2 protein chains.
Amino acid sequence: MTTSRTRLSSEERRSQLLDLGVRLFAKRSLSEISIDLLAEAAGISRGLLYHYFGGLAGFQEAVVRRAADDLIARTAPPETGDPLERLAASMEAYVDFVDENYEGYLSLMTGAKSGNETLHRLYDEARSALIDRIFVSDAGTLLPDSPAARLLVRGWAALAEEMVLEWKRDGSISRAELLTLVTGALPDLASGLVR
Amino acid sequence: MTTSRTRLSSEERRSQLLDLGVRLFAKRSLSEISIDLLAEAAGISRGLLYHYFGGLAGFQEAVVRRAADDLIARTAPPETGDPLERLAASMEAYVDFVDENYEGYLSLMTGAKSGNETLHRLYDEARSALIDRIFVSDAGTLLPDSPAARLLVRGWAALAEEMVLEWKRDGSISRAELLTLVTGALPDLASGLVR
């Protein structure tokens with residue numbers, strides 16, 4: 001019992017540190033999450049980071065992974081309902097996630113595209129999970145699965161990412177208009193597959 | 001006469017160096033265009049670079065600017081014809097450009113997104129020129145000009161970029177299929193503006 005309870009506390013402690021990292025990451029770029037910041041803002045020492053994550057890089061990677069898992073979980077579509085309504089719910093959660101985690105999300109994308117291999121892998125895994133969901137969870141109701149459809153959905157994901165980030169910077173249309181455009185874009189694009 | 005002829009030769013020499021840089025850039029990332037490579041591959045010395053471009057960074061920037069100008073010029077749509085046919089011709093030129101200049105194009109995008117300010121500015125200028133063209137040259141025939149339409153066309157540009165780069169890496173559909181999808185995507189997306 002004692003061993004098991006100790007192990008649980010240790011996992012809980014690790015998880016608490018990660019939660020804290022994710023909260024810091026929401027408003028900061030990854031490179032701003034330094035040993036000094038962690039010590040100052042959260043009383044996390046270098047020794048603690050080494051104990052739980054093998055160091056700062058391990059901590060940063062675990063934070064990004066946790067943030068990516070949060071994104072995937074939060075954007076999970078409802079299990080029932082019309083495919084388009086389920087997509088709309090998923091996109092609404094995506095827009096809210098980017099809105100709340102803008103700095104961290106931007107730094108993840110920037111890092112992934114600038115050739116940081118770990119960030120690129122995590123970014124790619126998250127995006128693949130989101131793209132696969134379109135084909136798996138809706139079993140071809142929105143689009144039939146084919147190489148052309150996969151390419152188109154990848155393009156749609158890039159479109160959604162660009163539009164949401166630009167909407168955050170620019171804000172010239174409402175959140176509701178953005179959601180209508182981004183969600184409606186997928187079935188609109190799908191109509192190109194049958195030409 | 002002598003002065004004028006000398007000045008012309010100097011401009012021609014500068015232009016020749018740029019052409020060479022653009023050819024090297026097509027198959028290499030920007031960071032691979034080093035003083036050593038230029039000396040070895042083209043007999044361009046450090047002194048010559050300083051004379052014409054103020055140094056390597058100035059040369060690299062001028063090469064990217066020339067490549068971006070080439071892209072804008074090559075993708076200019078024909079002056080007459082149906083708007084969709086003109087868009088198709090423009091996209092065909094875009095796909096060919098990326099195909100021929102893949103390494104350089106990828107490194108420009110990577111550099112622009114990783115926070116290199118000069119590359120970001122050049123990339124943004126080129127993309128804005130391509131996006132403006134949709135509204136200016138066709139005077140609203142494909143889409144009416146509005147903040148929502150501008151945002152959607154920006155998203156479409158990201159979609160096109162992603163699809164063409166992924167097509168280069170993956171190649172699971174034909175060039176003709178890619179062109180049909182990427183070109184048709186714009187009017188398909190435009191139908192979302194009237195909802």
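Analyst: A polar contact is a pair of N or O atoms within 3.5 Å, where, inside protein, one atom must be able to donate a hydrogen and the other to accept it. In this predicted model, six residue pairs in polar contact are found across the interface of chain B and chain A, with both residues of each pair at pLDDT 80 or more.

User: What makes the pair Arg154(B) and Glu162(A) a polar contact?

Analyst: The side chains of Arg154(B) and Glu162(A) are joined at 2.8 Å, and the cut-off is 3.5 Å, so the pair qualifies. Arg154(B) lies in helix H8 of chain B, and, leaving aside neighbours within four places in sequence, Arg154(B) is in contact with residues including Glu166(A) and Arg169(A) from the other chain and Arg127(B) from its own.

User: Why is Arg154(B) called buried?

Analyst: Its relative accessibility is 19%, and buried means under 20%, so Arg154(B) falls in that class.

User: Which helices supply the side of chain B that touches chain A?

Analyst: Helix H6 (102-113), helix H8 (147-170) and helix H9 (175-190) of chain B each supply at least two residues, and the largest share, 14 residues, comes from H8(B). By class, this side has 15 nonpolar, seven polar and eight charged residues. The contact takes 30 residues from each of chain B and chain A, and about 2,600 Å² is buried between the two chains, 68% of it on carbon and sulfur atoms.

User: What relation between chain B and chain A does the superposition show?

Analyst: A rotation of 180° with 0.0 Å of shift along its axis places chain B on chain A with an RMSD of 0.0 Å, which is the relation of a two-fold axis. The same surface serves both copies, since 100% of the contact residues of chain B recur in chain A.

User: What makes the salt bridge of Arg175(A) and Asp96(A) a link between separate parts of the chain?

Analyst: The two side chains meet at 3.0 Å, N to O. Arg175(A) lies in helix H9 (residues 175-190) of chain A and Asp96(A) in helix H5 (residues 83-100) of chain A, so the pair ties together parts that are 79 residues apart in sequence. At 30% relative accessibility Arg175(A) is partly exposed, and Asp96(A), at 23%, is partly exposed as well.

User: How does the setting of Glu61(B) and Arg65(B) look, and what separates them along the helix?

Analyst: Their closest N and O atoms are 3.1 Å apart, and they form a salt bridge. Being four residues apart in helix H4 (residues 56-74) of chain B, they are separated by about one helical turn.

Terms used
Residues are numbered from 1 along each chain as its sequence is written. Chains are lettered from A and ligands numbered from 1 in the order in which they are written. This is a predicted model: local features need pLDDT of at least 70, side-chain atom pairs count only at pLDDT 80 or more; totals for chains, interfaces and linings use all residues. Side-chain values use heavy atoms; hydrogens and water are left out. Contact means heavy atoms within 4.5 Å. Buried area is the accessible area (1.4 Å probe) that two parts lose on being put together, summed over both. Ala, Val, Leu, Ile, Met, Phe, Trp, Tyr, Cys and Pro count as nonpolar, Asp, Glu, Lys and Arg as charged, and the others, Gly among them, as polar. Copies are superposed by least squares on the C-alpha atoms of residues with pLDDT of at least 70 in both. Buried means under 20% relative accessible area, exposed over 50%, partly exposed in between (1.4 Å probe, protein chains only). A salt bridge is a side-chain nitrogen of Lys or Arg within 4 Å of a carboxyl oxygen of Asp or Glu.
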